[in-house]
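Q: Could we go through this model together, starting with the ligands and then turning to the fold?

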Amino acid sequence: MRTRPLKVALLGCGVVGSEVARIMTTHAADLAARIGAPVELAGVAVRRPDKVREGIDPALVTTDATALVKRGDIDVVVEVIGGIEPARTLITTAFAHGASVVSANKALIAQDGAALHAAADEHGRDLYYEAAVAGAIPLIRPLRESLAGDKVNRVLGIVNGTTNFILDAMDSTGAGYQEALDEATALGYAEADPTADVEAFDAAAKAAILAGIAFHTRVRLDDVYREGMTEVTAADFASAKEMGCTIKLLAICERAADGGSVTARVHPAMIPLSHPLANVREAYNAVFVESEAAGQLMFYGPGAGGSPTASAVLGDLVAVCRNRIGGATGPGESAYAALPVSPMGDVVTRYHISLDVADKPGVLAQVATVFAEHGVSIDTVRQSGKDGEASLVVVTHRASDAALGGTVEALRKLDTVRGVASIMRVEGE
Ligand code: NDP
Ligand code: HSE
């Protein structure tokens, strides 16, 4: 065992950072044995230096994160501040001053992963971010390393704990949206600005990261189709139940059947109650990976929260420290396939459309004609009416998003269609 400790700078000591520090302290002997050298917490950068932080030596606390990463004796920087700046500059400064980096920052990795990997390579250092996607669940390393010899065709799952917590509460207890969001925030699941969660920016960032690694292709945040879950209503849940489904916010990354392009999207979707994802409760996440040789793999576990996320950070810390002792670096970015990312219009799936229509003869035929004219085949229709008005629920067979979009546009123009109450994709069948 090497006696000279590896020095770690912790940037951020909030929900995740405080747990990273706690585990580093309480498991110090085990970590040293696993790494082959002791690991020392050399500094902790925060915004509010006077805040009481249990288990943290106040002498280590600083507000000057830049000076900390420039010290020159730091082996690994753990970035758990979040957001784009100052995190990005701190990470590139850390590489330039000889440190490897572990980060949980999906927003930054999704936006600037390529440049950060390039900076890590330039300085011969590691950039690891297992905690950036799906909290405690090992997903980045299995995709990047365990499946490096296989061909991944599809990644589908629940990758945001906060929204799963809210949707689960709305479905199972009838809780209101705001009440459930407040609880998820109090439990430390939500982002600093929970808009990132509920409008699915967080899930989109994770989808971009997953698609990039799975398909060996750069997938930018802008390439990911994104729809949040703020519009999901109790009526949608009731409608889903009637179909034997529930509603989840899904991230879906797919390789086209001809292998020549990929798509990435996040949106609420109905999934059958019999599907394993339907039973993912609270802030848990679950991700299916489908690959050519392995078939279907499922990864499941806590998707958010201080301690689960710290587990993933610590796993990276051990890996990066081992690399440092061995004078090596782990796998960097792999984007050699450079596949084009197709627009959402090319995605093919099923749809659940809820329409408010006039309850009179011929309306159903009119509606069915519009679907037929756009090449969208209807699977089932359910109608309930009262006082001259009716609610029509149409479930389609598989059709392209472009065809469905054209259908809905034409439906809105019919005099007999009072409104399109909701459109939801149906997945997992
Ligand atoms: P918190 O808001 O709880 O903590 C952020 C920390 O960063 C705080 O300690 C804060 O200081 C510090 N900080 C903020 N700005 C600065 C700055 N300019 N200089 C130095 N320190 C700064 O966030 P989380 O711990 O929840 O999240 C951290 C990262 O981990 C984010 O990227 C998030 O997306 C990611 N993540 C979070 C998960 C979760 O469940 N919470 C799960 C997976 C990933 P102070 O304490 O003084 O305010
Ligand atoms: N806010 C994120 C979530 C944290 O709820 O999933 C974990 O990445």
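Predicted model: local features only at pLDDT ≥ 70, side-chain atom pairs only at ≥ 80, totals over all residues.

Q: Which residues come nearest to ligand 1?
A: They are C13, R48, K106, E191 and G305, out of 23 residues around ligand 1; a residue counts as near if one of its heavy atoms lies within 4 Å.

Q: Which polar atoms lie by the oxygen atoms of ligand 1?
A: A polar contact is a pair of N or O atoms within 3.5 Å. An oxygen atom of ligand 1 is 2.6 Å from a polar backbone atom of G305, one is 2.7 Å from a side-chain N or O atom of E191, and one is 2.9 Å from a polar backbone atom of V16. Ligand 1 has 900 Å² of accessible area on its own, and the protein covers 87% of it (Shrake-Rupley method, 1.4 Å probe).

Q: Turning to ligand 2, which residues are around it?
A: Among them are K106, N160, T162, Y189, E191, D197 and K206. Helices α7 (161-172) and α10 (201-215) each supply at least two residues of this shell; helices are DSSP runs (H or I) of at least four residues.

Q: What are the polar contacts of ligand 2?
A: An oxygen atom of ligand 2 lies 2.5 Å from a polar side-chain atom of K106. A nitrogen atom of ligand 2 is 2.7 Å from a backbone N or O atom of Y189, and a nitrogen atom is also 2.7 Å from a side-chain N or O atom of E191. The protein buries 94% of the 250 Å² that ligand 2 exposes when taken alone.

Q: And how is the chain divided into domains?
A: The domain assignment gives domain 1 (6-135 + 306-326), domain 2 (140-302) and domain 3 (344-426). The C-alpha centres of domain 1 and domain 3 lie 51 Å apart.

Q: Is L411 buried or exposed?
A: L411 is buried (under 20% relative accessible area), because its relative accessible area is 0%. L411 lies in helix α14 (residues 401-413).

Q: What does L411 contact?
A: Beyond its neighbours within four places in sequence, L411 is in contact (heavy atoms within 4.5 Å) with L355, V367, V370, F371 and V417.

Definitions and conventions
Residues numbered from 1 in each chain as written. Chains lettered and ligands numbered in written order. Heavy atoms only, no water. Polar contact = N/O pair within 3.5 Å; in protein donor to acceptor, adjacent residues only side chain to side chain. Domains from an automatic or database assignment. Buried < 20%, exposed > 50% of the residue type's maximum accessible area, 1.4 Å probe, protein only.
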